[in-house]
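These are my notebook entries on one protein structure. I set down what I looked up, entry by entry.

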Amino acid sequence: MEKTLDMSKVFDNLEKLQGILSEKYQVQRKIEEVPKQLSSQEELLSRLKKEYIEKNSKYEELKEKVDAIKEELEEAVKSREAGEKGMDNISTHREYEALEKQISEASAKEADLRKELQKEEKYFAELDENIKADESWIKSQEKDLNEARASLDKETSSLKKQLASLEKKEDAIAPNVDPEIKYKFERIIQRNNEGIVYVKNGVCGGCHMILPAQFANEVREEQEILFCPYCSRILRWQETKDGEEETFFTMDDAGSLADLDDDDTFGEDDDEDVVDENDERKDDFIDDEDDEEEVEESDEDSED
């Protein structure tokens, strides 16, 4: 009875530890997720800045092009004006033809340059407006991002305090739990949020698989820590309520591992050590049943 009482305390400690670890892992996941909340804003801001740099580069190239067109236009205007002034001083037909050609070519070039300049200056003005709009948008995004970072930093600080409190509670209970059991227990909870589940009517409360009757009885006795042979969770017995009939199952009634959902099982490498602890026990159950069948057959032969 004293041993059962001690095991009862062990199970109670495991249940307390389960609540602490489950909350602890949730807090840790939240802390890990915090930086990801800013990733979309950071990507947007980075893209805006990249586009801003590209537009500024185009702006400088266009500015140089506009300045070059203005210089050519100024030279064309001077050439036309010079030709027009020279018309007053011509004395021969050849001089007249030469000046007329100069004026004609200068005027045509001036018209083309004015047309091109008008087009480029329009594009230049639009680009300038876009750049100013981008500057305003970038400043707004930087402000929002900084505010979000400050808010998340505050949230992270609060989560870390919560985590430290949970770790303190964990450290207070840990000395009362076997280190090896705690290690396995932690791995189970990380995957399922539950490391210890109740057995009712011979059924595991974690994976809902039917347990062998003898094994279920041993769980009920709470003489040692037993793991579910199917989902690897620690098992504890739950008494039926008043008026409920207690049901036990044989190995023939039990389901197979193929009936389990993926969420209720573990990787072979991760929890092979936990399941192995009950493999020999399961083999003993099967051997006992085979022995019982042989005895029954022997009795029937004797009666004949």
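**Entry 1: a charged patch**

Which residues form a negative surface patch? I found that E71, E72, E75, D112 and E116 form it. I record that this is a predicted model, in which local features need pLDDT of at least 70 and side-chain atom pairs count only at pLDDT 80 or more, while totals for chains, interfaces and linings use all residues. Residues are numbered from 1 along each chain as its sequence is written, and side-chain values use heavy atoms, with hydrogens and water left out.

I noted the terms of the patch search. Patches are made of residues with over 30% relative accessible area and no salt bridge; like charges are joined within 9 Å, and nonpolar side chains (Val, Leu, Ile, Met, Phe, Trp, Tyr) within 5 Å. Asp and Glu count as negative, Lys and Arg as positive, and His and the chain ends are not counted. The place of a charge is taken as NZ of Lys, CZ of Arg, CG of Asp or CD of Glu. Accessible areas come from the Shrake-Rupley method with a 1.4 Å probe, and for residues only the protein chains shown count as cover.

Helix 2 (39-86) and helix 3 (93-173) are the elements that give two or more residues to the negative patch. The largest share, three residues, comes from helix 2. D112 lies in helix 3, and D112 counts as exposed because its relative accessibility is 52% (buried means under 20% relative accessible area, exposed over 50%, and partly exposed in between, with a 1.4 Å probe and protein chains only).

**Entry 2: the overall layout**

I counted elements next. The protein has six helices and three strands (DSSP runs numbered from the N terminus, helices being H or I of at least four residues and strands E of at least two). Along the sequence, I read the pattern α-α-α-α-β-β-α-β-α. Of the 304 residues, 33% count as buried.

**Entry 3: the nonpolar core**

How many residues has the largest nonpolar core? I found 30 residues in this core, and those with the most contacts inside it are F11, L14, I181, F185, I225 and I234. The elements that give two or more residues to this core are helix 1 (2-33), helix 2, helix 3 and helix 4 (179-192). Helix 1 gives the most, with nine residues. A core here is a set of buried Ala, Val, Leu, Ile, Met, Phe, Trp, Tyr and Cys residues joined through side-chain atoms within 4.5 Å. In soluble globular proteins, nonpolar side chains tend to be buried together.

**Entry 4: salt bridges**

A search of the whole structure gave me 19 salt bridges, each a side-chain nitrogen of Lys or Arg within 4 Å of a carboxyl oxygen of Asp or Glu. E186 forms a salt bridge with K182, with the closest N and O atoms 2.3 Å apart. Both residues lie in helix 4, four residues apart, about one turn of the helix. E170 also bridges to K182, at 2.9 Å between the closest N and O atoms. E170 lies in helix 3 and K182 in helix 4, so this pair ties together parts that are 12 residues apart in sequence. E170 and K182 are buried, and E186 is buried as well.

I also checked D128, which forms a salt bridge with K132, the closest N and O atoms being 3.4 Å apart. D128 and K132 are separated by about one helical turn because they are four residues apart in helix 3. D128 is partly exposed, with a relative accessible area of 22%.

**Entry 5: positive phi**

Most residues other than glycine have a negative phi. Where is N201 found? I located N201 in the loop between strand 1 (196-200) and strand 2 (203-204), and its phi is near 55°, a positive value. E222 also has a positive phi, near 55°. E222 is found in the loop between helix 5 (213-221) and strand 3 (234-237), and E222 counts as buried because its relative accessibility is 10%.

**Entry 6: pairs across helix 2**

A68 lies in helix 2 and is partly exposed, with a relative accessible area of 36%. A68 and L117 are 49 residues apart in sequence and 9.6 Å apart in space, C-alpha to C-alpha. K85, in helix 2 too, is exposed at 61% relative accessible area.
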